[in-house]
Amino acid sequence: MSQRNREGKRGARERLREQRERERSRAKRKRTLGVLGAVVAVLAGAVGVGMVASRTEDDSGKSGSSVVPPRGAVGKGRLVIPSGMVGKAGKAGRADKAGKPAPVTLTVYEDFRCPGCKQFEDVFRETVHELQDQGRMKVEYHLVTIIDGNLGGTGSVRAANAAACAQDQGAGKFRAYHDVLYRHQPAETRDSYAKNARLIKLADQVPGLVTPAFRKCVEEGRHDAWVRKSNDVFAHSGYASTPTVLLGGKSVYGDPDKPLSPNKLKRMVLAAARD
């Protein structure tokens, strides 16, 4: 074999070896890119799941799972709706005509489905309003759902949410709507207040209350979680029934040995004001 032939064969083998090396290199790069692509896809999928989870949590908060106190709510956790004078002299119901704080606080735990609460309201409504409008007393309402718990249904929470929505509208709307709900309270076993349409129709009796904002608040249950929290606090308060009525922090209603009357309530408020 000539020198030229031998060199030709070596050159062919070298070219073949180099070609195979290049092919192996290309195959390795493809495998590497494939693995990287899979990793990126997994990471992208994980990010996508996180974004969906975040949106789901945000949406759940908007649907009423977060506690949203009504406008002007006070007290620990802002679970109390204050009510005082209605009219030119009474802004938010917290001061008398001279601008001094109302001397006495009536605290009421009540449920809009509760017959006993309606009885209290029917007997004492005018007296309570009179004392409020004279600047002698303010009222703090704690809304609870004891009848929903005992009989089932959702009328207690729906009505309380609607009342909180009325509070959002300001200008004495809560007090007026509160009274309408008790005047039209259904029988205890009828869960009529579970229907938003019924609550909104009754709100027509309060001038200026039924606005798009009020309607949306009622229908979306904006304050549902707030109502439930208020009820949870009541359940651990040591009080066992509604209505629970306190004057200056002391229970004044429901004791058959010491019955409360409108005139007696007036005397107690006046006496407290002198102290």
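Predicted model: local features only at pLDDT ≥ 70, side-chain atom pairs only at ≥ 80, totals over all residues.

Colleague: How many disulfides does the structure hold?

Modeller: There is 1 disulfide in the structure. Cys165 is joined to Cys217, with an S to S distance of 2.1 Å.

Colleague: And which hand does the link of Cys165 and Cys217 have?

Modeller: The link is left-handed, with -80° about the S-S bond. It connects distant parts of the chain: Cys165 sits in helix 4 and Cys217 in helix 7 (residues 212-220), 52 residues apart.

Colleague: What about Cys114, buried or exposed?

Modeller: Cys114 counts as buried because its relative accessibility is 4%, under the 20% cut-off. Cys117 is buried too, at a relative accessible area of 0%.

Colleague: Switching topic: at what angle do helix 4 and helix 8 cross?

Modeller: Roughly 115°, and the axes of helix 4 (residues 155-168) and helix 8 (residues 224-235) come within 9 Å. That angle makes helix 4 roughly perpendicular to helix 8. The crossing of these two helices is right-handed.

Colleague: Nice. Which residues make the contact?

Modeller: From helix 4, they are Val157, Arg158, Ala160, Asn161 and Ala164. Helix 8 brings Asp224, Trp226, Val227 and Arg228.

Colleague: How does the contact of helix 4 with helix 8 split by class?

Modeller: It has 5 nonpolar, 1 polar and 3 charged residues.

Technical notes:
Residues numbered from 1 in each chain as written. Heavy atoms only, no water. Axes fitted to C-alpha atoms, helices over the stretch in contact; angles between N-to-C directions. Helix = DSSP H or I, 4+ residues; strand = E, 2+ residues; numbered from the N terminus. Parallel < 35°, antiparallel > 145°, perpendicular 65-115°, else oblique. Left-handed = near helix turned anticlockwise from the far one by under 90°. Contact = heavy atoms within 4.5 Å. Nonpolar A, V, L, I, M, F, W, Y, C, P; charged D, E, K, R; others polar. Disulfide = S-S within 2.5 Å. Buried < 20%, exposed > 50% of the residue type's maximum accessible area, 1.4 Å probe, protein only.
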